[in-house]
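Dear colleague,

Please find the structure below, handed over for your use.

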Amino acid sequence: MATTHKTRMLIIGSGPAGLSAAIYGARAGMEPIVVQGLQPGGQLTITTDVENYPGFREVIQGPWLMQEMEAQAVHVGTRMIWDTITNVDLSGDTFIATGDGGDIYEGDTLVIATGAQAKWLGVPGELELSGKGVSACATCDGFFYRGKKVVVIGGGNTAVEEALYLTNHASEVVLVHRRDTLRSEKILQDRLFAHPKITTVWNKRVDRFLPGEDGALRALALIDTETGEQSEILTDGAFVAIGHAPATELFKGKLAMDETGYLIVEPGTPKTDIPGVFAAGDVSDHVYRQAITAAGVGCMAALDAERYLAHKLHVAGITETVQG
């Protein structure tokens with residue numbers, strides 16, 4: 001039979017944003033519930049080496065970091081529930097979410113931390129070589145390609161920004177684009193074309209990622225989009241930079257979002273257009289997309305949720321006194 005779970009703070013998503021919100025919420029006595037979703041732990045669970053999360057001088061593993069965050073959240077009083085939310089009702093005084101098994105989750109406040117996923121090409125070798133030369137985050141993994149040759153795939157702002165960033169580490173950066181013009185802003189294009197480390201390969205699409213004898217990425221197989229000619233480009237690393245897709249399908253028509261699906265928040269806060277509903281992490285951040293920034297906004301969401309409830313109780317108390 002379906003069960004109803006009630007909490008002062010309901011959190012959907014269990015990446016750095018959701019778990020940080022849970023830690024702060026639990027320590028404030030809000031007894032949060034975290035519904036973990038399809039990918040418990042978020043994108044860090046498919047990230048191997050992590051060198052840029054503060055507090056660890058040595059390289060740590062993404063899955064281990066998320067296990068520790070979850071253990072900390074549970075230790076201070078969070079309830080972790082394995083379920084996938086299929087529907088939400090944000091119209092009432094209490095926010096209601098329904099799991100795919102029929103369980104009901106009721107929260108006096110709601111923190112949305114469902115994250116975003118990098119868009120992938122979906123070609124052979126991409127999944128198999130993820131973490132072995134194929135990445136979707138230059139800021140996360142560029143450091144590992146110091147003095148090496150890398151390829152960036154894409155033609156928008158994301159691709160150009162990634163290519164420019166990688167020049168801080170790589171000896172050579174090749175931008176591969178399936179058209180003959182870029183879609184990025186002109187100022188970014190000017191910087192790209194002027195950089196001595198960057199070359200551009202036009203009218204080529206990636207057909208597959210090719211491994212070497214050591215099992216790591218060796219080359220990209222390319223197909224010319226105009227002639228169909230096949231070629232290869234040798235590389236030490238490849239960065240797929242064709243954008244991200246926020247996991248906000250549940251909230252369409254229920255919360256304000258931009259044209260690409262990211263939830264809109266009050267600048268400098270995690271507050272959405274519905275009081276008591278907060279968005280934290282990549283679900284509302286299409287600029288930074290880092291574990292540390294997600295964790296920071298998760299903290300902010302918990303603090304704002306606590307203040308929201310305190311104010312609500314204060315107003316209710318005044319109303320009751322006046323009516324009495």
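Leu175 stands opposite Thr200 in strand S13, in a predicted model. Strand S12 (172–176), where four of the five residues are buried, is largely enclosed by the rest of the structure; buried means under 20% relative accessible area, exposed over 50%, and partly exposed in between, with a 1.4 Å probe and protein chains only. Four bridges join S12 to S13, and the two run parallel. Helices (H or I, at least four residues) and strands (E, at least two) are DSSP runs, numbered from the N terminus, and two strands pair if DSSP finds at least two bridges between them.

From S12 the chain crosses through helix H5 (residues 186–194) to S13, and this β-α-β crossover is right-handed. The term right-handed applies if, with the strands pointing away from the viewer, the path from the first strand over the helix to the second runs clockwise. A right-handed β-α-β unit is also made by S11, H4 and S12. Five bridges join S11 to S12, again in parallel, and Val150 stands opposite Val173 in S12.

Strand S11 (residues 149–153) is joined by four bridges to strand S17 (residues 237–240), where Val240 is the bridge partner of Ile153.

As to numbering and method, residues are numbered from 1 along each chain as its sequence is written, and side-chain values use heavy atoms, with hydrogens and water left out. Because the model is predicted, local features need pLDDT of at least 70 and side-chain atom pairs count only at pLDDT 80 or more, while totals for chains, interfaces and linings use all residues.

Salt bridges come next. Counting a side-chain nitrogen of Lys or Arg within 4 Å of a carboxyl oxygen of Asp or Glu, the total comes to eight salt bridges. One of them lies in helix H5, where Lys186 and Asp190 are four residues apart and so separated by about one helical turn; their side chains meet at 3.0 Å, N to O. Lys186 is exposed at 59% relative accessibility, whereas Asp190 is partly exposed at 40%.

Another salt bridge joins Asp224 and Lys204, with the closest N and O atoms 3.1 Å apart. This pair links distant parts of the chain, Asp224 being in strand S15 (residues 217–224) and Lys204 in strand S14 (residues 204–211), 20 residues apart. Asp224 is buried, with a relative accessible area of 11%, and Lys204 is buried at 18%.

Finally, Ala280 lies in the loop between strand S19 (277–279) and helix H6 (291–323). At 1% relative accessibility, Ala280 counts as buried. The C-alpha atoms of Ala280 and Ile112 are separated by 6.2 Å, although the two are 168 residues apart along the chain. Beyond its neighbours within four places in sequence, Ala280 is in contact (heavy atoms within 4.5 Å) with residues including Ala17, Val111, Val297 and Ala301.

With kind regards
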